[in-house]
Amino acid sequence: MPRSQKLRVLFITSEVYPLCKTGGLGDISAALPVALRALHSDVRLLLPGYPQVMAGVKYKYKVAEFNTLSQFPPASLLSARLPLSGAGSIPVFVIDCPGLYNREGGPYMDAFGHDWPDNALRFGLLSKIGAILGSDTSPIAWHPHIVHCNDWQSGLTPAYLSFYSGEKAATMMTVHNLAFQGIFPPGSVVQLGLPPDSFDINGVEYYGNLSFLKAGLYYADQITTVSPNYAKEIQIEPLGFGLQGLLAARQPDLAGIINGIAITEWDPETDHYLIKNYNSKNLSNKTANKTALQQQMGLTVDAHIPLLGVVSRLSHQKGIDLLIQIAPQLIKMPAQLVVLGRGHPELEHLLSTLAQAYPKSIAVHVGFNEALSHLMEAGIDCFLMPSRFEPCGLNQMYSQRYGTPPIVHATGGLLDTVVDCTPVTLANHTASGFVFYSMTAASLLDTVKRAVLAYHNKKTWQSLQKNGMAKDFSWNASAMAYQELYRRLLH
Ligand code: ADP
Ligand code: GLC
């Protein structure tokens, strides 16, 4: 395909900021298409029509009906635009299927944290319509060259397309988190209209069940994941989660491309959630955000005490249990801790108990709060990310951009994006945070101590802040890497 020809890409995702976001995938689904469109690719999204999506998209109108997909309830396809500010208007296709998507609760779970019982059908339909739009049976005139799938929710698209013998788009499967695989009982294979013989080790079968993610990894033309380091880690145990053999076998088709961040949404100079904006030249303005955060969260207001913070899904992956173990020692340093998160009920409970025990030093906000997450990036001194594994991670990048050096475990994209503070890295101006290598409470505690010591040395701390703020976390290079892969796929 000549380079002058515009690439058409259908980007399938189960969440997108600001309409529906549970984690990093929501951010990426908003930012990467914008960056690719700036490179003149015609990228359009495909999304399930959850209530927030139906209410939030602009200019929607019906472009197709799917009444004869025997496995699925009737659905319509709407064409619309994403309500993104200042980023141009991203075209989006929305699947309107009230029976599967019109319900209160989250995209994957009900309000009690239980997976929706019909998730196989809900995301089977997303995958199926993605495949139809990528084939010459599509009812719409816009035909993508590439269908770009994200995580297990669109993992069946490459499988459906692979079983189709007509003209079709090339497929890319991006893994944002291998721990979520979309596993369903074997009966789902027929229920979803997959050929029975695809239920095989060389196919969609995963230890006796159907795995949406494995289907995507097996049948996609190209696999990517969200950092170079994670691309290596998933080819071996334990981070391969049982798929390491397949991923190692597909190594020639597997690329790790680091995520960027939306540098206009996450910019301390213009962020409207901050009390006072700042940049690397007037870092003293950052303090007003710290004071406001301490006040808002009921902590002792003190500009000099190191304020550590976490914004996270509360799950085993994120290593919050280690943080809970060391919390009493943090207070003795002294330091303060503020946590924004929701997730595992036991972690929510343990954190709330800590906040009750130390109300002036530890504050916990259980819930999802976009505004507070921005204020925290500006108001805290140091961001904690003790993740057991982290495919890319976004907050460590937001933190560096906000002059808030992160403390991270040496895993996945954290290792690719944070440079540990040592005499050597301070001297060559690359130091931007703190890295710990052993996933233990003792090792985390030692590293927090190292960070607190550095915090009290004004010159060191400012170097760390300025080094982090000077880094380029924009999508430019990574969007170009995706575009190159798309083009290679078409050869
Ligand atoms: P993951 O996708 O594994 O959750 P990432 O670091 O890639 O991790 O992205 C998490 C995103 O979700 C970030 O934008 C973070 O600020 C946001 N986030 C997580 N939990 C919350 C919360 N409770 N309130 C607001 N934002 C949150
Ligand atoms: C996942 C990962 C996270 C990554 C995000 C976006 O949810 O857990 O590390 O940053 O996807 O790719």
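Modeller: Happy to. Two strands pair if DSSP finds at least two bridges between them. Keep in mind that this is a predicted model.

Colleague: What makes β14 and β15 a pair?

Modeller: The cut-off is at least two bridges, and five bridges join β14 (residues 336–343) to β15 (residues 362–366). They therefore count as paired, and the two strands run parallel. Within this pair, L337 stands opposite I362 in β15.

Colleague: Why is the unit of β14, helix α12 and β15 called right-handed?

Modeller: The name applies if, with the strands pointing away from the viewer, the path from the first strand over the helix to the second runs clockwise. The β-α-β unit made by β14, α12 (residues 345–357) and β15 is right-handed, so its path is clockwise in that view.

Colleague: Which strands make up the open sheet, and in what order?

Modeller: There are nine, with mixed pairing, in the order β3-β4-β5-β2-β1-β6-β7-β11-β12.

Colleague: Why are β3 and β12 at the edges?

Modeller: β3 (58–66) and β12 (254–256) each have a single partner strand, so one side of each has no neighbour in the sheet. On average, neighbouring strands here are turned by 25 degrees against each other, direction ignored.

Colleague: How do you know that β7 and β11 pair?

Modeller: Four bridges link β7 (residues 170–175) and β11 (residues 222–225) in the parallel sense, and at least two are needed. V175 stands opposite T225 in β11. Helix α7 (residues 212–219) packs on the sheet and touches both β7 and β11.

Note on methods: Residues are numbered from 1 along each chain as its sequence is written. Chains are lettered from A and ligands numbered from 1 in the order in which they are written. This is a predicted model: local features need pLDDT of at least 70, side-chain atom pairs count only at pLDDT 80 or more; totals for chains, interfaces and linings use all residues. Side-chain values use heavy atoms; hydrogens and water are left out. Axes are lines fitted to C-alpha atoms, for helices over the stretch in contact, and angles run from 0 to 180 degrees between N-to-C directions. Contact means heavy atoms within 4.5 Å.
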